[in-house]
Amino acid sequence: MTDKLSQSADKVLDHYTLFRQPEYAAMFERKKTEFEYGHSDEEVARVSEWTKSEDYKAKNFAREAVVINPTKACQPIGAMFAAQGFEGTLPFVHGSQGCVAYYRTHLTRHFKEPNSAVSSSMTEDAAVFGGLNNMIDGLANAYALYKPKMIAVMTTCMAEVIGDDLQGFIANAKNKESVPADFPVPYAHTPAFVGSHIVGYDNMIKGILTNFWGTSENFDTPKTEQINLIPGFDGFAVGNNRELKRIAGEFGLKLQILSDVSDNFDTPMDGEYRMYDGGTTIEETKEALHAKATISMQEYNTTQTLQFCKEKGQEVAKFNYPMGVTGTDELLLKLAELSGKPVPASLKLERGRLVDAIADSHTHMHGKRFAVYGDPDFCLGMTKFLLELGAEPVHILSTSGSKKWEKQVQKALDASPFGASGAAHGGKDLWHLRSLIFTDKVDYIIGNSYGKYLERDTKVPLIRLTYPIFDRHHHHRYPTWGYQGALNVLVRILDRIFEDIDANTNIVGQTDYSFDLIR
Amino acid sequence: MSLSENTTVDVKNLVNEVLEAYPEKSRKRRAKHLNVLEAEAKDCGVKSNVKSIPGVMTIRGCAYAGSKGVVWGPIKDMIHISHGPVGCGYYSWSGRRNYYIGDTGVDSWGTMHFTSDFQEKDIVFGGDKKLHKVIEEINELFPLVNGISIQSECPIGLIGDDIEAVARAKSAEIGKPVIPVRCEGFRGVSQSLGHHIANDAIRDWVFEKTEPKAGFVSTPYDVTIIGDYNIGGDAWSSRILLEEIGLRVIAQWSGDGTMAELENTPKAKVNLIHCYRSMNYIARHMEEKFNIPWMEYNFFGPSQIAESLRKIAALFDDKIKENAEKVIARYQPMVDAVIAKYKPRLDGKKVMIYVGGLRPRHVVDAYHDLGMEIIGTGYEFAHNDDYQRTPHYVKEGTLIYDDVTAFELEKFVEAMRPDLVASGIKEKYVFQKMGLPFRQMHSWDYSGPYHGYDGFAIFARDMDLAINNPVWGVMKAPF
């Protein structure tokens, strides 16, 4: 025991410094050797090397049952996100209560914003008798306390397994006057054992539209000039939805976002807590039936919803998280085609500026190899943008990716000489990606915060461009869509590349001849 | 600058006003969970550990969160399977900052997410066959794993899977402990039952089926740390003090813990419990079965640390007692410097606490050490024995709220205007928007450790940076 303490009031050591002090290092060693009964360092090193091998990769890819570090969540969180994009809407999750605590936490950790949703708090008795009483009491309490304009009901897997019937339960609750008879309570069954959060998003949007648009087919509804747009589950929604509205303003067209979380997930700090803010209003949602067309920004988030819109006589168009020059071109051309208005000169100017920026930096992107993972639509959009930059997407992976998705990715890769070394991996997870990166190295990984473990293990730098981003702040406030969004994405990638070069050239007298002032 | 706008709130009246918003049936139920602490009360006078009311926005979690998220998850050399659909494991993946030392993916798995990812066919036909395969694949890909736990999600108990049979069969096959845990989220009323179920699983599937390691040599100074999840390194900044007074910490439950440490625990001379709520069950069991006494201690803030070190030392010989005094004296100058630096900046500041486990009472004296005052506190998932232990820490007139709803907490805070709210991530931004300094007291707001003397310095610094940041001063626009 030395008398000098590491910790002090003058300079308070945080966990990342404190535990590196010699007294702690010695303590860790004692714990390890005397009490942990772990494997020898040699054995750990041997197995560690083995996990990086082709042999391990083969075993890893032969997995049929266990899923390790997937890139997907379950349906209800997607449904909750979708509902929170409507004005004054309180998500009501029917089933076990812990789920809601998890969804709220997850969304809050990404957006750094409050996230409001209630649970019907079903327990063992409800598992036996069904959750009708929980629905009746729950709707009454939620309505009285939180004064929503709409309550959107979704389910946890518990309620799905016991077979609770939302339509019947909600009708019953209304009969018991939990909420007024004309109070909107749209719903969606969102079983966690089917699909993922993007399917939950789809189900909830369809549930809400069904509530206001009616269920019968209605081809002869007179159509307006309005275009609806469904963003899909998007961690950059705050920046992106605002960017879309700005683009619509430049165009002078009536673009109605269905489920717009941009204000709800970005409220100001001015002394007043807003439980609800912004979002698509009920009136706008009703009116949206009469729009001439509905655009989906994320095909795999809206499979059923777009079909529903089609049945209502709307023209539909789908994108896969369009990013970059061509991605944005396609979106704008579609808006021009649907509205009959030309792409405005101001946006053409923005396009030119983006292309100029890409040209200025192309030397640093050309031929760089990337791994990309995330939701299916994000992976597609990102892959196409990378190809356009002269970069090479190598491993493209999505746990929610289907065979159809793999073909879509392959088609994008085939269309460019920069796609020659690329392959899509649908239904695979980040432990598969670890094997892929160890056996076929890339220069950068594009994904979310969970990718930091891949970065640590493989030493390949990570660029965070999709949900969830827990360990970096405020990126979601900047768009990734549109020409402005593409510029943001480009800068984020370039910054990481430059930081990486600097970090690898900063040893005095050894590598710092390349520590260039000008790059 | 103090943000206290109202120091003379009629708290009793406030409770009644807030309850007014509820429909009658719920109002009656909620009224039993809210109280103002009376002088010389034996407990807090609130009902606890009962079902949350539907639709009110409880802050509670579930049994799975209590078992996988709290008790089992931190055991680093095991793989914990989130058995069922993909979500539960996804949301709880790396969520609690249970620090550990190890080669993740090779000999430790604490920040990874393993799931059987149930599909519809698993619900319809049962998931036992898949579970067999999951365990086989884990054992092949992670040969250094020292045990596997099966953390049941809601559907498991509803579809009638026999995970115990799978666990027995697979354990025999792979020659490692495989532990089934019936912590389905719908069981019980909060994460609390999950703690209990997890404790029982250790009792039945570790203590009953394994032995302490051959070659483990006991000493008269062997203790354990029970109920410290090593959030931000808490168990480490505690362990170092116990070692300094001459004790040997043979097991950490469960932060930075290992299977061997669980197995060797019955060799302890005394079990030292920090989080009573989540691990008193196993301590009581060991007392009954192995005759090991247990003692609660509190390593938040210098007053409680010194008291606890003396209480712990009193269980041992004079050498340990002398060491305890030496250790307290050794750290005293640092403590004095921390208090001298931060107390003037924090003196008289009012705090409202709402968290789980032991913290709604255990952290109170750490605030007192800095001259701060607790005007409200409450537990997410306490039982009556927690509320009996609380009056020891807080004073008459403190507002007590059990399983508080988001609505109630918002109204209470709005009316009482504390200088700091100490609660969780779901509450954080609500109160910051209201202009109130906030610290997350589950995750230490990504800081920590807060336990021990080293942790106290960080705690004091963090409370200061929350309360005295200039951002609160620019909240109101000048126009």
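Charge first: in chain B of this predicted model, 57 side chains are positive and 64 negative, with the centres of the two sets 2 Å apart. Here Lys and Arg count as positive and Asp and Glu as negative, leaving out His and the chain ends, and each charge is placed at NZ of Lys, CZ of Arg, CG of Asp or CD of Glu. For chain A the tally is 55 positive and 67 negative charges, and their mean positions are 2 Å apart.

A word on conventions. Residues are numbered from 1 along each chain as its sequence is written, and chains are lettered from A in the order in which they are written. Local features need pLDDT of at least 70, side-chain atom pairs count only at pLDDT 80 or more, and totals for chains use all residues, while side-chain values rest on heavy atoms, with hydrogens and water left out.

On overall size, the C-alpha trace of chain B spans about 70 × 60 × 45 Å along its principal axes. Its radius of gyration (over C-alpha atoms, with a globule rule of 2.2 Å times the number of residues to the power 0.38) is 23 Å, in agreement with the value near 23 Å for a compact globule of 479 residues. The trace of chain A spans about 75 × 60 × 50 Å. With 519 residues, chain A would be near 24 Å as a compact globule, and its 25 Å agrees with that.

Turning to the surface, buried residues (under 20% relative accessible area, 1.4 Å probe, protein chains only) make up 70% of the 479 residues in chain B and 60% of the 519 in chain A. Chain B exposes about 14,900 Å², 51% of it from carbon and sulfur atoms; chain A exposes about 19,600 Å², with 52% from those elements. These areas are Shrake-Rupley values with a 1.4 Å probe.

As for the fold, chain B carries 20 helices and 14 strands, and chain A has 21 helices and 13 strands; both kinds of element are DSSP runs (H or I, at least four residues, for helices; E, at least two, for strands). Contacts (heavy atoms within 4.5 Å) in chain B between residues at least 6 apart in sequence join residues at least 24 apart in 72% of cases.

Note on methods:
Buried < 20%, exposed > 50% of the residue type's maximum accessible area, 1.4 Å probe, protein only.
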